[in-house]
Amino acid sequence: MKSRVTNHSLSLGERGWGERALLLAALVSFSASAQDLMPVGLTNGVIKKKGATGWNALWKDKLVAAKVTFVPAHHPIDDDGKPDTVKTGVEVTVPGMTEEVRPIILIKGVAPRAELKPLLTSEAGPLYEFGKPLTLGDATLEAIKVGERGGRIELRVGEVKQTLFECTDCDQDGWSVRWAGDLDGDGRVDFLITADTHYAIETSRLFLSSKAKKGQLVREAAKYTSPGC
Ligand SMILES: [Ca+2]
């Protein structure tokens with residue numbers, strides 16, 4: 001009897017370890033698939049913490065693996081008054097990038113896709129204007145004024161509405177759509193937008209339809225705020 005009890009508890013113990021291993025594997029796989037964003041071009045050196053590997057470059061019509069190189073460069077804002085010869089920042093570069101032709105952004109955690117069909121793409125993006133909705137496929141994006149000094153960006157598809165960004169005391173000068181289309185391959189539109197509370201802060205926000213929760217159209221999967229000036 002004692003032996004059976006021991007065997008029973010041993011088998012429970014083994015299952016416990018099995019479950020723990022599965023949980024650990026799930027956690028590892030979750031962290032490996034977490035989305036992140038990194039800009040290309042000149043920025044401050046802090047960006048290097050994001051690492052050079054695992055990135056895909058979002059070009060106008062493709063998302064492809066890209067080896068990132070951090071090239072030391074002078075950063076005119078982040079220089080503490082040091083002369084131009086002192087390299088206070090880095091240039092984030094990828095192969096194939098030139099002064100004129102460059103990826104829109106670097107993305108981690110979204111599978112590469114050789115052929116994307118963007119509904120809209122622009123490095124600067126069209127600025128939102130209150131009351132002038134953008135139609136992108138079956139989706140509509142609109143900046144809506146809220147009170148005297150606030151606003152929000154609303155996404156609508158059919159009868160479903162979702163607020164992507166909202167602020168109560170802000171200007172919308174920096175709000176733009178940088179890319180719209182099906183990025184994650186589920187047949188529904190995804191968005192890379194910039195939106196923040198002040199024109200001097202630029203925050204890129206990646207909204208993916210595959211990450212949407214029940215009742216949502218998309219969910220913010222990653223964001224990146226450029227160092228302020
Ligand atoms: Ca999608």
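**Close-up views of a predicted model**

View 1. In strand β12, C167 is the bridge partner of G151. This pair belongs to a predicted model, in which strands β11 (residues 150-157) and β12 (residues 160-167) run antiparallel and are joined by 7 bridges. The hairpin has 2 residues between its strands, and G158 adopts a positive phi near 60°.

**View 2. The open sheet of 4 strands.** The strand order in this open sheet is β1-β7-β3-β4, with antiparallel pairing. Strands β1 (36-38) and β4 (62-65) stand at the edges; each has a single partner strand, so one side of each lacks a neighbour in the sheet. From one strand to the next, the twist averages 30°. Strands of a sheet pair through backbone hydrogen bonds, in either the parallel or the antiparallel sense.

**View 3. Pairing of β7 with β1 and β3.** Strand β7 (residues 105-108) pairs with β1 in the antiparallel sense over 3 bridges. In this pairing, M38 stands opposite L106 of β7. Strands β3 and β7 also run antiparallel and are joined by 3 bridges. Here A57 is the residue that stands opposite L106 in β7.

**View 4. Pairing of β3 with β4.** Strand β3 (residues 56-59) and β4 are paired in the antiparallel sense over 4 bridges. A57 stands opposite V64 in β4, and A57 also stands opposite L106 in β7. In a regular strand, side chains alternate between the two faces of the sheet.

**View 5. The surroundings of L106.** Which residues does L106 touch, not counting residues up to four places away in sequence? They are L37, M38, V40, W55, N56, A57, A66 and V68. Two of these, M38 and A57, also stand opposite L106 in the strand pairings of β7.

**View 6. The largest nonpolar core.** This core has 43 residues, of which L37, L58, L106, I107, I153, F191 and L206 touch the most other members. At least three residues of the core come from each of domain 2 (35-116) and domain 3 (118-229).

**View 7. The chain as a whole.** The secondary structure comprises 1 helix and 16 strands. Of the 229 residues in the chain, 25% count as buried. Among contacts between residues at least 6 apart in sequence, 53% join residues at least 24 apart.

Notes. Residues are numbered from 1 along each chain as its sequence is written. This is a predicted model: local features need pLDDT of at least 70, side-chain atom pairs count only at pLDDT 80 or more; totals for chains, interfaces and linings use all residues. Two strands pair if DSSP finds at least two bridges between them. A nonpolar core is a set of buried Ala, Val, Leu, Ile, Met, Phe, Trp, Tyr and Cys residues joined through C-beta atoms within 7 Å. A residue is buried if 20 or more other C-beta atoms lie within 10 Å of its own, exposed if 12 or fewer, and partly exposed in between; C-beta atoms are placed from the backbone. Domain bounds come from an automatic or database domain assignment. Two residues are in contact if their C-beta atoms, placed from the backbone, lie within 7 Å. Axes are lines fitted to C-alpha atoms, for helices over the stretch in contact, and angles run from 0 to 180 degrees between N-to-C directions.
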